[in-house]
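Here is a short report on one structure. It covers a pocket, a helix and a set of charged contacts.

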Amino acid sequence: MAEKPREPFSRRYGYKQPKEIAVWEDAPERVRRTAVDEARSPIGPDRLLEIVRSVLKSQPDRTDNAWNQVERLMSSCEWFHVYDAIEAFYAEMASGGPLFLAHAGIYEQAINECFEEEGVGWQLASGEIITRGPEAFEEAVHGAVGALETARRLTARDEIHKALGDLSRRPEPDLTGAVHHAMAALECVARDAAGDPKATLGDILKRHPDLIPKPLDTAVDKAWGYASQMGRHIQEGREPERKEVELIVGLAATVATYLSR
């Protein structure tokens with residue numbers, strides 16, 4: 001398996017910080033340019049054009065060369081097709097054997113650095129474009145996925161994946177769904193940790209007051225109440241904000257990780 005590309009000096013030592021996320025339903029010009037520039041060498045202009053035309057369902061233009069066509073099509077297409085093309089370029093590299101798999105890793109890193117520098121709320125993860133949150137959110141959620149996988153708590157892990165999927169949904173993210181799945185993951189782990197397989201998380205916190213250190217148990221209880229209100233019994237006009245949901249998903253992931261260990 002190819003090694004993960006090494007991070008540059010500025011990122012290793014914290015001098016290069018991600019820009020605040022502000023872009024979801026757009027593909028800035030630099031993202032469009034990076035998508036094709038980083039794929040040109042490992043794939044080649046002719047094959048790139050075939051992939052782009054397949055993504056866009058476009059007709060061939062016999063009056064211009066392949067690279068010019070790729071640049072023109074990628075600079076003018078709908079924003080979401082840019083992300084379709086990025087996934088397709090990665091898939092092409094990943095399917096070409098060990099050498100091309102290494103190129104796929106380098107491509108993924110270049111795309112993600114571009115996303116961070118442009119404030120894009122997406123990331124390329126193993127060939128799939130998924131939602132990206134603030135750094136603390138990313139560390140909490142992806143750390144939880146790894147910890148739950150190691151602990152063989154696969155149902156809880158899958159619930160975290162579903163929460164991320166709901167946040168990634170477009171044209172509108174399913175924010176209430178993300179809250180529901182994140183708290184379901186935490187509830188699942190809490191049931192195992194408490195040996196109380198049918199209790200709700202709220203009941204577990206009452207029956208097992210030492211399960212989570214105080215006063216953190218109060219924060220988790222409040223989060224459960226919020227999730228019950230927003231994720232289960234939502235009222236008209238009380239749709240949660242994305243930042244609130246990222247906070248709940250990150251909290252649930254962190255506590256689930258703690259309990260799984």
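The sections below take these topics in turn, for a model that is predicted.

## The second largest pocket

The second largest pocket holds about 460 Å³ of space. Its lining has 18 residues, and those closest to the centre are W122, E128, I129, I130 and S168. Five elements, α5 (79-94), β1 (122-125), β2 (128-131), α7 (135-150) and α8 (154-168), each give two or more residues to this lining. The most comes from α5, which supplies five residues.

Nine of its residues are nonpolar, five are polar and four are charged.

## Helix α6

Helix α6 covers residues 98-118, which is 21 residues.

Several α6 residues are buried: A104, Y107, A110, I111, N112, E113, C114, F115 and E116. An α-helix has 3.6 residues a turn, so residues three or four places apart point the same way. In α6, A104, Y107 and A110 are among the buried residues. The buried set also includes the run from I111 to E116. Just after the helix, G119 adopts a positive phi of about 70°.

## Salt bridges

Across the whole structure, a search finds 16 salt bridges. R157 takes part in a salt bridge with E149, where the closest N and O atoms are 2.8 Å apart. R157 also meets D158 in a salt bridge, again 2.8 Å from N to O.

How exposed are these partners? R157 has a relative accessible area of 15%, under the 20% cut-off, so R157 counts as buried. E149 is partly exposed, with a relative accessible area of 34%. D158 is partly exposed too, at 31%. Both values lie between the 20% and 50% cut-offs, so neither E149 nor D158 counts as buried or exposed.

A further salt bridge joins the side chains of R169 and D174, at 3.5 Å from N to O. R169 is partly exposed, with 43% relative accessibility. D174 is partly exposed as well, with a relative accessible area of 23%.

Note on methods
Residues numbered from 1 in each chain as written. Predicted model: local features only at pLDDT ≥ 70, side-chain atom pairs only at ≥ 80, totals over all residues. Heavy atoms only, no water. 1 Å grid on protein atoms, 1.4 Å probe; cavity = no way out; pocket = protein on both sides within 12 Å on 5 of 7 lines; lining within 4 Å. Points joined across faces, edges and corners; volume = space filled by probe spheres on them. Helix = DSSP H or I, 4+ residues; strand = E, 2+ residues; numbered from the N terminus. Nonpolar A, V, L, I, M, F, W, Y, C, P; charged D, E, K, R; others polar. Expected span 1.5 Å × (residues − 1). Buried < 20%, exposed > 50% of the residue type's maximum accessible area, 1.4 Å probe, protein only. Salt bridge = Lys/Arg side-chain N within 4 Å of Asp/Glu carboxyl O.
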